Amino acid sequence: MTPPAAASAAAIRTDDQTTDPTAAGAAAADLQAPAPTGLPGSGDDDPDERTAADDPAAPGRTHSATPSSATGSSSSGSSAAGARFTRPGGMFSSLRVRNYRYFFAGQVVSNTGTWMQRIAQDWLVLSLTGSPLAVGITTAMQFLPMLLLGLFGGVLADRMPKRRLLIYTQGTMGLLAAGLAALTFGGVVTPYYVYAFALLLGLVTVVDNPTRQAFVSEMVGPKDLANAVSLNAANFQTARLVGPAVAGLLIAAVGSGWAFAVNALSFVAVIGGLLAMRESELRPTEPIAREKGQLREGLRYVKERPELLWPMVLAGFIGTFGFNFPTLLSGFAYDTFKVGAGQYGLLNTAMAVGSLTGALLAARRGVPRLRRLVGAALAFGALEVVAAFAPDYWTFAVLLMLVGVFGLSFNTSVNASLQLATDPAMRGRVMGLLVLVFTGGTPIGAPIVGWVTASYGPRLGLLACGLVSALAAGVVGLVLARSADLRVRFDLHPGRGGRVVAFVPRAVATAKSGLAPAC
């Protein structure tokens, strides 16, 4: 097994082009220790130049979920991520897989309906109460089950066939949307009904989210996994472009109930796509047997791997504080800029444009790197700080596009990097933990941000969210560098092909320690 420091060093690029041969040779020897196979950043520096190897998840082959694979042995690391990675086959390479095309098409329709319901739900609560705090409570109710039960959803995803489980969860979500539509059409809906339906939706999401994310690898395999994760995000953001705009028009014309009804119908598409898949072309992971201690086993698995642990820590801070846009944007629309439902929907659309751009850029990059992940989180927080001081509505909308680019880049990077570094038998639990830390913190962050927004205004609320996100990114970046025995090198005159900021081994710093006290 690779020592944690070596694994982290493999995950963070080291590009010192000015070292002397002795120091460079020593550093290279340290960094060439065998990293967990499939770890983003292991092996060759450029993911586009990695060589292909046999895919252990070939069509028709089932991964074994043996105890040894769950403990992260070297052999299981090979099956986890499919050895090496090929050159990315293009921005839409994973769409060559028939089953994934069906999944992708169904998600386009369903995600559009989901965004329509999200906008309608927030606006309905705001119109019933006039309080951004109530919107925050609604969001908290939807994500509270993830905070309490998120890890159990990941265990269930590992225990059951994922395709069948998704059919059940998606059908239940459709029924919940239909119920909320009926209450709204009947004129009896109250904030408390909305809270209740948000809570029920959250309970289903506990199982649906980690299952859906882990199922991607069963459709496309490790070679196209990073591309498929990015395209899923692009899919979601494309729906985000259409959904809020349509929801704004429906709310203004006929009320929120129709947005809920359309969402209920949209689940027919995704369930139809799942049923139409060819089971023989899937790469199913064998469900694990029900045993005691599987939840603790998943936590221990992540704790022992810095390349999993620290991205999750950062995702927790970003998800808890940085992604509180339902609360913040409704406050900016309702209080700061005093615009209606249509303009509120356009703010979400503006952010979706940036997010879609970020997703497509991520699809072209191939395998993500930890330094890109940390850099995207840092830029995301900094842009939120700048957006908090936007002087008018349109400036704010433009800044939201940039926030969307880096927010989505972080989202896809952390998702793909964790899946590629995880054994298939543990993938449901790891993704369940990611969903827990990324969205489960919302019940904590949303009421806090809602209270700050209601008490001191949306600008201060967004400022606080940006500062927390940027600070967390900086701290996690330094911890990763230190755990990998790296240092940050600044070079104001890097020369051709050099970098102004780069991570380099500390052995180089020792060899050139003469300038260290002055730096």
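Start with helices α5 and α9, which pass each other in a right-handed crossing. Select residues 98-129 for α5 and residues 225-253 for α9. This is a predicted model. Turn the view until both helices are clear. Their axes come within 7 Å and cross at roughly 40 degrees. Now show the side chains where the two helices touch. The contact has 19 nonpolar residues, six polar ones and two charged ones.

Select residues 162-185, which form α7, and residues 257-275, which form α10. Here the axes come within 8 Å, and the crossing angle is roughly 165 degrees. An angle over 145 degrees counts as roughly antiparallel, which is why α7 is described as roughly antiparallel to α10. What is the handedness of the crossing where α7 passes α10? The crossing is left-handed. Colour this contact by residue class. You will find 17 nonpolar, six polar and one charged residues between α7 and α10.

**Into the core**

Now select Leu314, Phe396 and Phe410. In the largest nonpolar core, which has 83 residues, these three touch the most other members. Stay on Phe396 and show what surrounds this residue. Which residues does Phe396 contact, leaving aside its neighbours within four places in sequence? Leu329, Phe332, Phe337 and Leu347 are on the list. Ala387, Ala390 and Leu462 are on the list too. There is also a second, separate core, with 21 residues. To find this second core, select Val97, Val220, Ala228 and Val229, which are among its members.

**Out to a loop**

Go to Lys338. This residue sits in the loop between α13 (325-336) and α14 (341-365). Is Lys338 buried or exposed? Lys338 has a relative accessible area of 65%. Exposed means over 50%, so Lys338 is exposed. Check the backbone here as well. The phi angle of Lys338 is near 50 degrees, a positive value in a residue other than glycine.

**Zoom out**

Finish with the whole chain in cartoon view. How many helices and strands does the protein chain have? There are 20 helices and two strands. Now colour by burial. Of the 519 residues in the protein chain, 55% are buried.

How values were computed:
Residues numbered from 1 in each chain as written. Predicted model: local features only at pLDDT ≥ 70, side-chain atom pairs only at ≥ 80, totals over all residues. Heavy atoms only, no water. Core = buried A, V, L, I, M, F, W, Y, C linked by side-chain atoms within 4.5 Å. Buried < 20%, exposed > 50% of the residue type's maximum accessible area, 1.4 Å probe, protein only. Contact = heavy atoms within 4.5 Å. Axes fitted to C-alpha atoms, helices over the stretch in contact; angles between N-to-C directions. Helix = DSSP H or I, 4+ residues; strand = E, 2+ residues; numbered from the N terminus. Parallel < 35°, antiparallel > 145°, perpendicular 65-115°, else oblique. Left-handed = near helix turned anticlockwise from the far one by under 90°. Nonpolar A, V, L, I, M, F, W, Y, C, P; charged D, E, K, R; others polar.
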